[in-house]
Amino acid sequence: EEKVKKELLKSLSDLQKQQDSKREEMTSANRQLKMEREVHLQELADLRSELQNVKIKHEQKVQELMKLLKQEKEDAEAQIRMLKIELLEEKNIVKTQCRQLEKIKVECDKLTEELTQNEEENIKLKRKCEFVEQELEKKEKQISNEEDHLRKMSEARLQFKDQLRHLEMEQQSILSMIGSEIDSACEIFSRDSVEKFKVILS
């Protein structure tokens with residue numbers, strides 16, 4: 001029994017030593033775990049702080065971007081409004097110039113028609129003059145033997161020639177005036193509107 005008791009005591013002592021050793025190991029492990037936990041907690045706190053800073057910076061950047069986008073949107077809308085106003089003004093200018101162009105075309109057509117009529121009148125006058133000259137020649141032949149009649153017919157011929165010159169001068173004046181009016185109309189038609197009419201034609 002003593003022997004068994006000694007063995008048991010020795011075993012108990014060994015067990016206590018093992019228990020103390022294990023306890024120390026547990027204490028050391030707990031300290032290590034505590035230190036690691038504190039380190040981890042500190043790292044976690046640092047990560048959370050960094051995450052918070054990143055979130056704040058992200059929010060700031062988002063706010064700045066939103067502000068920038070808002071400003072750009074306002075600028076773009078302002079430019080669009082200005083472009084719409086300019087487009088409306090250009091359309092009004094084009095409409096006005098189209099109306100002016102139509103008026104000028106009508107005026108040119110009218111002047112061209114007048115010129116044609118005057119040319120026809122001129123042809124009629126020339127034919128009339130030719131007929132008068134022919135009549136004069138006939139009368140001159142008829143009164144070749146009568147000096148008195150010849151003198152009278154010569155005077156009449158000179159009078160008719162004067163009338164013919166007068167008619168030709170009048171015709172030239174009319175044609176010159178119509179040509180000037182056509183030139184003025186064409187100059188009005190082309191003045192300061194070449195580029196505008198290119199836009200109209202396109």
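**Exercise 1.** Work out whether Arg23 is buried, partly exposed or exposed, and find its salt-bridge partner.

*Solution.* 
Step 1: Arg23 has 46% relative accessibility, so it counts as partly exposed.
Step 2: Now for the partner: the side chain of Arg23 meets that of Asp20 in a salt bridge, 4.0 Å from N to O. That term means a side-chain nitrogen of Lys or Arg within 4 Å of a carboxyl oxygen of Asp or Glu.
Step 3: Asp20 is partly exposed too, at 39%. Both residues sit in helix α1, 3 residues apart, which is about one turn of the helix.

A word on where this comes from: the model is predicted, so local features need pLDDT of at least 70 and side-chain atom pairs count only at pLDDT 80 or more, while totals for chains, interfaces and linings use all residues. Residues are numbered from 1 along each chain as its sequence is written, and side-chain values use heavy atoms, with hydrogens and water left out.

**Exercise 2.** Find how many salt bridges the whole structure has, and describe the others.

*Solution.* 
Step 1: The search turns up 3 salt bridges.
Step 2: Lys22 pairs with Glu25, with the closest N and O atoms 3.9 Å apart. They are 3 residues apart in helix α1, so about one helical turn separates them. Glu25 is partly exposed at 45%.
Step 3: Asp162 pairs with Arg165, and here the closest N and O atoms are 2.0 Å apart. This pair lies in helix α2, again 3 residues and about one helical turn apart. Asp162 is partly exposed at 40%, and Arg165 is partly exposed at 44%.
Step 4: The general idea is that side chains of opposite charge can pair when their charged atoms come close.

**Exercise 3.** Describe the overall build of the protein.

*Solution.* 
Step 1: Read them from the N terminus on and you get α-α-α. α1 covers 2–142 and α2 covers 147–190.
Step 2: Check the burial: of the 202 residues, 8% count as buried.

Key: Helices (H or I, at least four residues) and strands (E, at least two) are DSSP runs, numbered from the N terminus. Buried means under 20% relative accessible area, exposed over 50%, partly exposed in between (1.4 Å probe, protein chains only).
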